[in-house]
Amino acid sequence: MILGIPDPWVLSGYLLLIFSTLLCVVYGVINWNKGDEESSSE
Amino acid sequence: MDYVILVIVFLIYFLLVGYVGYLAWKQTKSSEDFMIAGRKTHPYVMALSYGATFISTAAIVGFGGAAGQFGMGLLWLTVLNVFCGIFIAFIIMGKRTRKMGHNLGSLTFPEFLSRRFNSKFIQYFSGGIIFFGMPIYASVVLIGAARFMETSLSLNFHLSLLVLSVIVAAYVIFGGIKGVMYTEAVQGTIMLFGMVFLLIFTYWILGGVTEAHTALTNLAPHFPADALAIGGTGWTTFPTLGSPFWWSLVSTTIIGVGIGVLAQPQLAVRFMTVKSDRELNRAVLMGGIFIVFSTGTAFIVGALSNVYFFDKLGQISVDVVGGNIDKIIPEFINSALPEWFVYVFLLTLLAAAMSTLSSQYHAQGTSLGRDIYETLKNNKNVESITLNRIGILIAVVLAFALSLILPVGVVAQGTALFYGICAAAFLSVYVCALYWKRTTKEGAIAGIISGISLSLFWIIFIFGKTAEGLGICKLLTGQSMLIQAAPFSSIDVIIIAVPISFIFTIVVSLLTKPMDPEYIEKVYKGIGSKAKVSGK
């Protein structure tokens, strides 16, 4: 039993929760300074 | 709890919100300022404002309580909230919405769709859906907040309604979207702090993450009988596949609310308030953290409250609160957390309600002023702040009046109702607007009308909870819903109406003449493969 959760559906929900948040964090960090093309052209 | 301290805390909070609203008012000079914050919002403000609008008190107390009764399967909703509601919404939908909205010079979500398809009908019809559909959702949030002020401050319910309406109306009417977003950033920050502390403290008093979950798993023999009867299996296990509980959890809660968020006008308009993709990239990080801690904490703590109550009182949460699951989270906080946190948490709940409410008022007001009145009157591009302010005032009065008369059955379904209608009406057209150049004006209109018609039919006649809550089906046919057989009465409107609306949008588009290529070129300028070319 991982993390005290016996059911694979609930456990995967718990882990995906952490994973999707990390995805947001990593995406934000990697692209922190990207996508600023307009401020220079405007 | 000391009421004097609580009143002081609330007063400080109201003063802070008032001050931020005042700053917003000083910076609001044009229609663009009033509706999309001059396209210059800071990513932190944008992300927290988006999150605080998205998460209302009901999401924390209502769904948290539901997790107390039904268990951690609800965490899948948070997964979708973060993955769809933030990651997909910001990156896949948000970036194109921002760019296209800028190309088209649109200031509201209906205006965005209308200009994309060159159709005034889309603007006032979509504005109408928002203006007439949202008051139920807004009054549900208002009622929740007023009930909560009634219990925490011992204020009269009607007085609470009035106080809240006046305060929120003041900063939305004067400050416009800046008033909404700045105050939401403050409210979101309070919410974030409150929820992070709540999560950490709960795990800490229960001996750690694995220990707390294991204790909850071991409580399974005490899982409530009524939850077992509809297919529940335990707090840390998923319900039986195909059972009424499974359908309700997967279709309404996880898919309905999780996907429905993508087509919420009051959220989509936020993408147009930032200057460039860089702000959205940064906001993804902040928004993801905000959502995981707000909804995730509520579900985890709601479920784990069983361990605490069973340990202290020998009862599971539902029994401790006498069956009223809305009281699980407040009861847990009162019993388990330090007293100072009770004040913080009450503030968190008030902030969550006010932040959702302010966005609703703003979306409704601009729908009436900009999308309906100005479009029908044909006087675009005038400085229309006054008109929108009048629209907002009407929205506030409408929500206030509805709060006094709405029956309980409707209140319980108000949020799901509006999410369902919006997703059904807008999701297919919104996605096609952003990604399929071949979509035509006629296709878009067909998508919106088929989605709204089917969703209303489904909500009134088929979907059990709403059909029973509204009572229209019973009035017309004598039966509370048209099809009694499972699983139809448990299938959320979004599962049915969104695919149908997609089919209508696509088929009608393919059958009608493509839009003018030059116009499409202008709409998509700088989007997709051409982004780099135009950037030079």
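Predicted model: local features only at pLDDT ≥ 70, side-chain atom pairs only at ≥ 80, totals over all residues.

Mentor: Residues are numbered from 1 along each chain as its sequence is written, while chains are lettered from A and ligands numbered from 1 in the order in which they are written.

Trainee: How much of chain A is buried, and what does "buried" take?

Mentor: Buried residues account for 26% of the 42 residues in chain A. The test counts other C-beta atoms, placed from the backbone, within 10 Å of a residue's own: 20 or more is buried, 12 or fewer is exposed, and in between is partly exposed.

Trainee: Why is A:Leu3 called partly exposed?

Mentor: A:Leu3 has 15 other C-beta atoms within 10 Å, so it is partly exposed. A:Leu3 sits in the segment before helix H1 (8-30) of chain A, and has a positive phi of about 55 degrees although it is not a glycine. Most residues other than glycine have a negative phi.

Trainee: Which residue follows H6(B) with a positive phi?

Mentor: That's B:Asn118, with phi near 55 degrees. B:Asn118 is in the loop between helix H6 (109-116) and H7 of chain B. It has 16 C-beta neighbours inside 10 Å, so B:Asn118 is partly exposed.

Trainee: What makes H6(B) "mostly covered"?

Mentor: Eight of the eight residues of H6(B) are buried. Among them are B:Phe109, B:Glu111, B:Arg115 and B:Arg116.

Trainee: Why is H11(B) described as largely enclosed by the rest of the structure?

Mentor: Because 15 of the 17 residues of H11(B) are buried.

Trainee: And how do you know that H11(B) is short of a straight helix?

Mentor: The end C-alpha atoms of H11(B), residues 244-260, are only 21 Å apart, whereas a straight helix would reach 24 Å at 1.5 Å a residue. The expected span is 1.5 Å times one less than the number of residues.

Trainee: Is B:Ser490 buried or exposed?

Mentor: B:Ser490 is buried, with 20 other C-beta atoms within 10 Å. It lies in the loop between helix H21 (472-477) and helix H22 (493-511) of chain B. Not counting residues up to four places away in sequence, B:Ser490 touches B:Pro244, B:Trp247, B:Ser248, B:Ser251 and B:Gly464. Touching, or contact, requires C-beta atoms, placed from the backbone, to lie within 7 Å.

Trainee: Why are H7(B) and H17(B) called roughly perpendicular?

Mentor: The axes of H7(B) (residues 120-153) and H17(B) (residues 385-405) come within 8 Å and cross at roughly 65 degrees. Angles under 35 degrees count as roughly parallel, over 145 as roughly antiparallel, 65 to 115 as roughly perpendicular and the rest as oblique. H7(B) and H17(B) are therefore roughly perpendicular to each other. Axes here are lines fitted to C-alpha atoms, for helices over the stretch in contact, with angles from 0 to 180 degrees between N-to-C directions.

Trainee: What residue classes make up that contact?

Mentor: The contact of H7(B) with H17(B) has nine nonpolar, two polar and no charged residues. Ala, Val, Leu, Ile, Met, Phe, Trp, Tyr, Cys and Pro count as nonpolar, Asp, Glu, Lys and Arg as charged, and the others, Gly among them, as polar.

Trainee: Then why are H4(B) and H16(B) oblique?

Mentor: Their axes, for H4(B) (residues 57-70) and H16(B) (residues 339-377), come within 7 Å and cross at roughly 125 degrees. H4(B) and H16(B) are therefore oblique to each other. B:Thr57, B:Ile60 and B:Val61 in H4(B) meet B:Leu349, B:Ala352 and B:Ala353 in H16(B). By class, that contact has five nonpolar, one polar and no charged residues.

Trainee: How many residues does each chain bring to the contact between chains A and B?

Mentor: Chain B brings 33 residues and chain A brings 29 residues. H13(B) gives the most to the side of chain B that touches chain A, with eleven residues.

Definitions and conventions
Helix = DSSP H or I, 4+ residues; strand = E, 2+ residues; numbered from the N terminus. Contact = placed C-beta atoms within 7 Å.
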